[in-house]
Amino acid sequence: MFGLVRSFNRLGVSSGPTGARLLHTTYASLVNKKSETPVRPSAADQSASSVFAATTAAQSSSSGSAIPQDLHTVSLGKGQGTARIREYTYSTANFHVSPRKLRLIGNQITGLPLTEAIRQMQFSAKKAATKIRHSLVWARKNAVFQKEMNPDNMFVKLARVGKGKYRKRLDPKARGRFGVIRIPYSHMKYVVWEKRPEEKPQARNAVERALLAGDLPKRKVKGFTLTKKVWMPLTENKPVINPKSFYNW
């Protein structure tokens with residue numbers, strides 16, 4: 001048992017500071033290995049390779065920099081443009097928990113950074129939080145090793161809850177009758193995104209281009225214009241008439 005835990009910690013599966021430091025070291029080594037100057041294949045290797053591989057290498061060398069294939073173009077919302085992000089999807093297996101109870105945990109971790117979501121599940125009092133914490137740690141490790149995503153920039157974009165199969169059990173009652181108890185099973189599916197602060201959002205039309213540039217004036221909505229101040233400071237020469245029992249701002 002202790003050997004299994006130690007092997008998990010070596011893989012970066014631990015949710016503590018040791019596992020986080022190991023993940024950061026692994027990510028840095030992957031980035032350094034990727035940034036090294038690639039070795040140009042010889043003529044014999046190029047002839048032995050397929051036509052598709054040779055065409056891809058020629059296109060990447062002519063463009064100067066290869067475009068990563070794992071980047072997805074997603075919408076940031078209405079009027080906010082689009083951005084290219086890395087995405088990783090991970091799902092838990094079906095385990096004994098009600099979908100209604102598991103949906104509360106999904107709403108809690110949606111939109112949080114992945115490290116913060118793991119910390120919230122570590123101190124949560126819910127029974128299913130332990131299973132969710134283990135799966136979040138595995139998702140973070142797999143995203144670093146498979147997609148080369150930065151663990152500091154990952155956050156939970158979506159946390160969907162799905163129903164599993166029901167396990168049935170008999171409930172004996174009086175007079176030879178019986179009922180059927182349905183034991184629910186459910187699972188959770190995560191969509192993890194990596195924030196790219198160095199990349200600016202791209203506009204899809206002229207309106208979004210003006211909104212992102214700040215050239216479009218703010219829309220005036222009728223009925224929401226304040227004609228007087230919401231809060232007036234107290235003055236010493238103003239008499240207090242019919243004072244209330246509490247201080248009113």
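This is a predicted model: local features need pLDDT of at least 70, side-chain atom pairs count only at pLDDT 80 or more; totals for chains, interfaces and linings use all residues.
Residues are numbered from 1 along each chain as its sequence is written, and side-chain values use heavy atoms, with hydrogens and water left out. Helices (H or I, at least four residues) and strands (E, at least two) are DSSP runs, numbered from the N terminus.

- An open sheet is formed by 4 strands in the order 1-2-6-3, and the pairing is antiparallel; two strands pair if DSSP finds at least two bridges between them.
- Strand 1 (71–75) and strand 3 (154–163) stand at the edges with a single partner strand each, so one side of each is left without a neighbour in the sheet.
- From one strand to the next, the twist averages 40 degrees, where angles run from 0 to 180 degrees between N-to-C directions and axes are lines fitted to C-alpha atoms, for helices over the stretch in contact.
- Strand 1 and strand 2 (residues 82–91) run antiparallel and are joined by 5 bridges, and leucine 71 has arginine 86 in strand 2 as its bridge partner.

**The hairpin of strand 4 and strand 5**

- Strand 4 (residues 167–172) pairs with strand 5 (residues 178–183) in the antiparallel sense over 6 bridges, with arginine 167 opposite isoleucine 183 in strand 5.
- This hairpin has 5 residues between the strands, and arginine 175 takes a positive phi near 60 degrees there.

**Helix packing**

- Helix 5 (residues 99–109) and helix 6 (residues 114–122) pack at an angle of about 140 degrees, with their axes 10 Å apart.
- That makes helix 5 oblique to helix 6, a term for angles that are not under 35 degrees (roughly parallel), over 145 (roughly antiparallel) or 65 to 115 (roughly perpendicular).
- Ile105, Gln108 and Ile109 in helix 5 meet Ala117, Gln120 and Met121 in helix 6, contact meaning heavy atoms within 4.5 Å.
- Helix 5 also lies across strand 3 and strand 6 (186–194), and runs at about 10 degrees to strand 6.

**Lysine 147**

- Lysine 147 is placed in the loop between helix 7 (129–146) and strand 3.
- With 28% relative accessibility, lysine 147 counts as partly exposed, which lies between buried (under 20% relative accessible area) and exposed (over 50%), using a 1.4 Å probe and protein chains only.
- Although lysine 147 and arginine 86 are 61 residues apart along the chain, their C-alpha atoms are separated by 7.6 Å.
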